[in-house]
Amino acid sequence: MQRQLSNVSVHSYQDYQPTRRFGAQYEPGGYAAAVQQRSNMTQREDALKFEQGRIKALQEERLHIQKKTFTKWVNSFLQKARMEVEDLFVDLGDGRRLLKLLEIISGERLPRPNSGRMRVHKIENVNKSLGFLHTKVRLESIGAEDIVDGNPRLILGLIWTIILRFQIQEIEIDVDEENESSEKKSAKDALLLWCQRKTSGYHGVHIHNFTDSWRSGLGFNALIHAHRPDLFRWAELPQTDHVETLNHAFDVAHKHLGIPRLLDAEDVDTSRPDEKSVMTYVASYYHTFARMKNEQKSGRRIANIIGQMMDCDSRKGEYGRLMSALLEWIRLKILELNGRELPNSLDGIQRLLLAFKQYRTVEKPPKYKERSEVEALYFHINTMQKSLVGEAWAPNEGHLPQDLERAWQNLEQAEHARELALRTELLRQQRLEQLNYKFNTKSVLRKGYLKEMIQVLSDPRYGSNLAQVDATVKKHEAISADILARTERFEDLSAMAGELVREQYHGAEAVSRTEQAVLARCANMLKRTLPLRMALICLCVSIAARRAAVVQRRDNVRQAAAERRRALLASLAHQQFVAAADELQTWILDKTRTAKDQSYRDLANLERKLQKHEAFERELQANEKQLRNVESIGQSLQKSDPARAEEVSERLRELQTAWEELVAASRDKGSKLRQAAQQRQHRRAVEDAKARLVDLERALKSEEIGTDLRSCKRLLNQHQAVEQELCQWEARAAALAAQGADLVSGGHFDGAAIERDSGALLAALHSLRPRAAARRAALDTSMRYLPLLCIYTYKNIEKTSFVVYNP
């Protein structure tokens with residue numbers, strides 16, 4: 001640096017001499033202006049050299065990254081031929097690996113390389129490679145000697161040309177995916193468009209170029225997840241660390257997709273990654289997924305042909321099953337329709353007709369449709385068989401459509417015969433049912449008449465005096481005459497029953513039993529008339545004696561009932577008092593347990609607990625009326641029932657004692673709940689203060705003291721703000737401690753916890769004071785020494801310039 005400054009100063013001095021020759025004397029301030037000019041020139045040259053060195057270092061770094069990436073890319077193809085490149089600039093010099101790379105990547109047969117090791121042999125092999133490339137792409141300013149001599153830039157340019165031609169230039173994508181005739185993009189633009197489409201919709205992924213758009217690693221992971229979402233879950237992807245995200249994508253692509261790891265995460269996680277390296281690696285993703293897609297398409301074509309043949313075979317099997325099932329159903333249905341074992345009842349015939357109708361409307365139509373489907377399936381199988389094999393298909397014997405047509409005609413004939421038989425039997429059963437209805441109606445009338453007459457004859461209420469008994473005797477004589485006049489009606493009922501039995505009506509046995517019952521009841525009624533008259537005469541004698549005995553018994557029962565009523569009313573009143581007292585005492589004991597619990601010690605949901613306690617106290621006030629009602633009932637019992645007065649008084653004393661205990665427990669719990677609310681408020685304030693003190697402690701732990709006066713002043717101002725806030729928190733902490741002391745002195749149930757909270761807050765504040773003092777001392781020291789350091793630097797620069805200008 002001394003030498004550079006000297007050279008610049010001498011040159012400035014030579015430039016200054018002509019001014020001394022042509023000028024008669026120095027101009028005012030000329031020397032200071034010259035010193036300032038030379039100082040500015042020196043600074044510009046230093047900055048220019050620094051920029052040039054920085055650019056050169058970045059270029060070297062980019063060349064190193066490209067070399068590493070292209071070497072891995074070349075080896076990903078050469079490993080198929082069991083070859084490897086260790087140093088890209090050296091190992092491609094013999095031309096053999098270059099020829100093998102072009103042969104593998106192009107899929108064409110190239111000339112056999114010369115196995116010699118002389119320079120001429122290497123140049124010959126390289127020329128073969130370049131000659132092949134000239135047929136594919138235009139090459140300029142590159143020769144075989146450059147490759148043999150290991151020229152880094154030309155070798156990297158050659159590999160990049162191969163990548164563009166065989167990996168990127170082949171990529172072609174429609175701008176409009178839904179319109180195949182739309183504009184197409186190719187090469188780099190197509191690759192970028194493909195990446196944008198595949199990563200669309202992924203949060204945090206924005207692909208605009210092949211440099212910094214891939215720095216976060218989300219783009220690589222989005223490409224993998226868009227094609228293979230089964231490999232990992234996007235929500236579990238690490239997104240905070242770029243290197244970790246990049247390594248995740250590279251590892252998954254290498255392990256599960258076979259994509260070589262061409263890049264290192266550290267090379268991508270830069271302000272501007274190498275575009276060519278990123279394009280090379282992204283192109284590997286495109287070709288891998290395109291190859292997977294083509295393999296899937298080929299598999300689907302083969303599977304489609306095999307599927308058609310298997311579908312044809314399955315349809316043949318289905319046709320056989322459907323035809324067999326349909327023919328079997330027709331056979332069984334014909335046997336069922338030809339059956340003539342019909343039920344001997346109208347309901348049975350109607351059920352058969354309903355089943356026959358259901359067969360026609362429900363069961364038969366699907367079978368007819370199935371018949372049409374079977375025939376259609378037969379012709380469809382024939383069409384498929386001719387298209388696949390070229391010949392018609394012949395099903396098994398008896399399974400032709402003509403066989404199905406004949407079976408269906410037989411089914412139609414059996415169906416018609418079945419319908420005629422059912423309707424004939426239906427008419428016969430309807431006639432018998434009408435006759436049976438008439439018989440039942442008449443029999444019910446006859447039974448009713450007989451029952452009414454028997455009830456009249458069997459009525460024991462013959463009268464209470466002789467006149468009434470004589471009237472009853474005349475009434476029974478009239479009934480006997482009426483029964484004899486109705487004999488013809490009973491004979492008609494017997495005739496209807498005989499006809500039903502002859503026609504083999506299904507209820508013939510019940511009809512016969514009804515007929516016999518009616519006739520037997522009629523004979524029984526006739527036998528009752530004479531004994532009934534004799535009984536009426538005897539009854540007249542015993543009426544007077546029975547009446548006197550009944551009157552005496554009635555009076556005795558009335559007196560006993562009155563005494564029993566008084567005793568029951570007294571017992572009922574006592575039992576009601578006991579039940580009310582038991583219920584009230586049970587309620588008081590339950591509420592006392594609730595009032596004595598210690599739920600106030602848990603500070604969670606205090607508002608809800610206070611609300612519940614207020615509701616509890618309101619409930620006590622509401623139930624105090626019930627206590628007074630029970631006391632009023634007890635006092636009434638003491639007056640009305642002296643025998644139980646002592647028991648009632650003891651019970652009232654127990655209720656009053658339990659009630660007073662409940663009221664005291666409720667008041668104590670309410671007081672402690674309010675104390676708990678004050679404790680929770682104090683604790684929340686302490687926790688908020690602690691949280692802020694943690695932030696202040698983090699600020700005081702900072703070791704940054706500034707690199708210049710401006711940053712040092714800024715840090716000092718920030719520290720002053722922290723100290724001011726610390727003073728404010730000390731005042732708040734003192735207030736909180738005083739508040740806690742008031743709670744403890746007021747007899748708080750958990751005073752120890754309040755004292756611990758206040759003590760912890762004060763201790764945290766006291767621990768921050770030394771840190772604040774140390775931080776201020778460091779910043780004050782920095783403020784004192786930074787101006788001295790700046791003055792010392794300035795004086796050294798001025799002294800150096802003065803020495804240079806001294807001739």
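Colleague: Is Asn 436 buried or exposed?
Modeller: Buried. This is a predicted model, and Asn 436 comes out at 11% relative accessibility. The cut-off for buried is under 20%, so Asn 436 qualifies.
Colleague: Which helix does Asn 436 lie in?
Modeller: Helix H14, residues 401-458.
Colleague: And what is Asn 436 in contact with, leaving aside neighbours within four places in sequence?
Modeller: Leu 500, Tyr 505 and Val 511.
Colleague: Switching topic. At what angle do the axes of H19 and H20 cross?
Modeller: Roughly 160°. The axes come within 10 Å. H19 covers residues 645-700 and H20 covers 709-745.
Colleague: So are they roughly parallel or roughly antiparallel?
Modeller: Roughly antiparallel, because angles over 145 degrees are classed that way.
Colleague: Which residues make the contact?
Modeller: On H19, they include His 682, Val 686, Arg 692 and Leu 696. On H20, they include Val 722, Glu 725, Trp 729 and Leu 743.
Colleague: How does that contact split by class?
Modeller: Twelve nonpolar residues, six polar and two charged.
Colleague: Left-handed or right-handed crossing?
Modeller: H19 passes H20 in a left-handed crossing.
Colleague: Now the whole chain. How many helices and strands?
Modeller: The protein chain has 21 helices and two strands.
Colleague: What share of the residues is buried?
Modeller: 35% of the 807 residues.

Terms used:
Residues numbered from 1 in each chain as written. Predicted model: local features only at pLDDT ≥ 70, side-chain atom pairs only at ≥ 80, totals over all residues. Heavy atoms only, no water. Axes fitted to C-alpha atoms, helices over the stretch in contact; angles between N-to-C directions. Helix = DSSP H or I, 4+ residues; strand = E, 2+ residues; numbered from the N terminus. Parallel < 35°, antiparallel > 145°, perpendicular 65-115°, else oblique. Left-handed = near helix turned anticlockwise from the far one by under 90°. Contact = heavy atoms within 4.5 Å. Nonpolar A, V, L, I, M, F, W, Y, C, P; charged D, E, K, R; others polar. Buried < 20%, exposed > 50% of the residue type's maximum accessible area, 1.4 Å probe, protein only.
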